[in-house]
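Here are some notes for someone reading a protein model for the first time. Please keep the structure open while going through them.

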Amino acid sequence: MKFIQIGFGNMVSAERIIAIVGPESSPVRRLIQDSRDRGTLIDASSGRKTKSVILMDSDHLVLSALSGDELTDLTGKE
């Protein structure tokens, strides 16, 4: 199993990632709020500004302080 660093010593399984998106759009903000309400939101930004949202196949959302470009470089996916 391959893990990728998502910032501040936190890691997620690269095989379980569905998408990495920016947090700016209204649909993504709604996804974040819905996930927070359901209890499936994982905030791994350590209090920093959220620069990317990672959608996992387990229906969890992970907030990261690293940008999508930085995460893509770490996963090796395009």
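The points below go from the whole chain to the sheet, and then to the cores and a single residue.

1. Overall make-up. This is a predicted model. The chain contains 2 helices and 6 strands. Read from the N terminus, these elements follow the order β-β-β-α-β-β-β-α. The radius of gyration is 11 Å, close to the 12 Å that the globule rule gives for 78 residues, so the chain is as compact as a globular protein of that length. The C-alpha trace spans about 30 × 25 × 25 Å along its principal axes.

2. Surface and contacts. Of the 78 residues, 33% count as buried. The accessible surface of the chain comes to about 4,900 Å², and carbon and sulfur atoms hold 51% of it. Among contacts with a separation of 6 or more, 47% are between residues 24 or more positions apart.

3. In what order do the strands of the open sheet stand? The order is 3-5-6-4, with 4 strands and mixed pairing. Strand 3 and strand 4 (41–43) are the edge strands, each pairing on one side only. On average, neighbouring strands of this sheet are turned by 20° against each other, direction ignored. Helix 1 (residues 26–38) packs on the sheet and touches strand 3, strand 4, strand 5 and strand 6. The direction of helix 1 makes about 115° with that of strand 6.

4. Strand 5 and its partners. Strand 5 pairs with strand 3 (residues 17–21) in the antiparallel sense over 4 bridges; here M56 is the bridge partner of I17. Strand 5 also pairs with strand 6 (residues 61–64), again antiparallel and over 4 bridges. In that pairing L55 stands opposite L61, and V53 stands opposite L63. The hairpin of strand 5 and strand 6 has 4 residues between the strands, and in this hairpin D59 takes a positive phi near 75°.

5. Faces of a strand. When tracing such strands, remember that in a regular strand the side chains alternate between the two faces of the sheet.

6. The cores. In soluble globular proteins, nonpolar side chains tend to be buried together. Which residues make up the largest nonpolar core here? The core has 10 residues: I4, I6, V12, A14, I17, A44, I54, M56, V62 and L71. Strand 1 (3–7) and strand 5 are the elements that give two or more residues to this core. Apart from it lies another core of 6 residues, among them V28, L41, V53 and L61. V62, a member of the largest core, touches I6, V12, I42, A44, S52, V53, I54 and M56, leaving out residues up to four places away in sequence.

7. One residue in detail. M56 lies in strand 5. Is M56 buried or exposed? M56 counts as buried because its relative accessibility is 11%, and the cut-off for buried is under 20%. With residues up to four places away in sequence not counted, M56 touches V12, S13, R16, I17, I18 and V62. M56 and V12 are 44 residues apart in sequence, while their C-alpha atoms are 9.1 Å apart in space.

How values were computed. Residues are numbered from 1 along each chain as its sequence is written. This is a predicted model: local features need pLDDT of at least 70, side-chain atom pairs count only at pLDDT 80 or more; totals for chains, interfaces and linings use all residues. Side-chain values use heavy atoms; hydrogens and water are left out. Two strands pair if DSSP finds at least two bridges between them. Axes are lines fitted to C-alpha atoms, for helices over the stretch in contact, and angles run from 0 to 180 degrees between N-to-C directions. Contact means heavy atoms within 4.5 Å. The radius of gyration is taken over C-alpha atoms; the globule rule is 2.2 Å times the number of residues to the power 0.38. Buried means under 20% relative accessible area, exposed over 50%, partly exposed in between (1.4 Å probe, protein chains only). Accessible areas come from the Shrake-Rupley method with a 1.4 Å probe; for residues, only the protein chains shown count as cover. A nonpolar core is a set of buried Ala, Val, Leu, Ile, Met, Phe, Trp, Tyr and Cys residues joined through side-chain atoms within 4.5 Å.
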